[in-house]
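Please look over the sequence and the model below.

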Amino acid sequence: MRRPHSMRFAQMMFVIAMLGLMLFTSACGGDSRVQQQASQNKVQLDQLIQYAQSIGVPVSYLNPILRQEQQLSNSSAPFTLLNDQPATNYYQNLAMRYQQLTVQARGVITTSTVQLQSQAQHD
């Protein structure tokens, strides 16, 4: 008679384990397209910074951008259990911030290029 009880227990444990696995996999949260966009924007920013350094933009001009990028890289998505919206919002904000830093970097490249060309002509 103990067999049916242990069978129910095993079935119940299986169901609990499956629910736990589903919750765990959804805990990473966030829309994967938004995560991918944030990642692509970061790569784009990194490539632009490398380009800026390769053409001689002084690191001191890039430091504010580099510090902000480091802060973003050190942040992490919130833990979401049943609602992915906070994580999606996090990745949307991250994508937007990387995009803003890319625009800033382009401005720094343009400004420093003009300044350095002007200084070279003056010298």
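The report covers a helix pair, a nonpolar core and a loop.

## Basis

This is a predicted model: local features need pLDDT of at least 70, side-chain atom pairs count only at pLDDT 80 or more, and totals for chains, interfaces and linings use all residues. Residues are numbered from 1 along each chain as its sequence is written, and side-chain values use heavy atoms, without hydrogens or water.

## Helices α3 and α4

Helix α3 spans residues 59-74 and helix α4 residues 85-122. Helices here are DSSP runs (H or I, at least four residues), numbered from the N terminus. The two axes come within 9 Å and cross at roughly 170 degrees. Axes are lines fitted to C-alpha atoms over the stretch in contact, with angles from 0 to 180 degrees between N-to-C directions. The pair is therefore roughly antiparallel (over 145 degrees).

Contact means heavy atoms within 4.5 Å. On α3, the contact residues include Tyr61, Leu62 and Ile65. On α4, they include Tyr90, Leu94 and Val108.

## Nonpolar core

The largest nonpolar core has 19 residues. Such a core is a set of buried Ala, Val, Leu, Ile, Met, Phe, Trp, Tyr and Cys residues joined through side-chain atoms within 4.5 Å. Buried means under 20% relative accessible area, exposed over 50%, partly exposed in between (1.4 Å probe, protein chains only). Leu45, Val57, Ile65, Tyr91 and Leu94 touch the most other members. The largest share, 9 residues, comes from α4.

## The α2-α3 loop

Ile55 lies in the loop between α2 and α3. At 39% relative accessibility, Ile55 is partly exposed. Beyond its neighbours within four places in sequence, Ile55 contacts Ile109 and Thr113. The C-alpha atoms of Ile55 and Thr113 are 8.9 Å apart.

Key: Helix = DSSP H or I, 4+ residues; strand = E, 2+ residues; numbered from the N terminus. Parallel < 35°, antiparallel > 145°, perpendicular 65-115°, else oblique.
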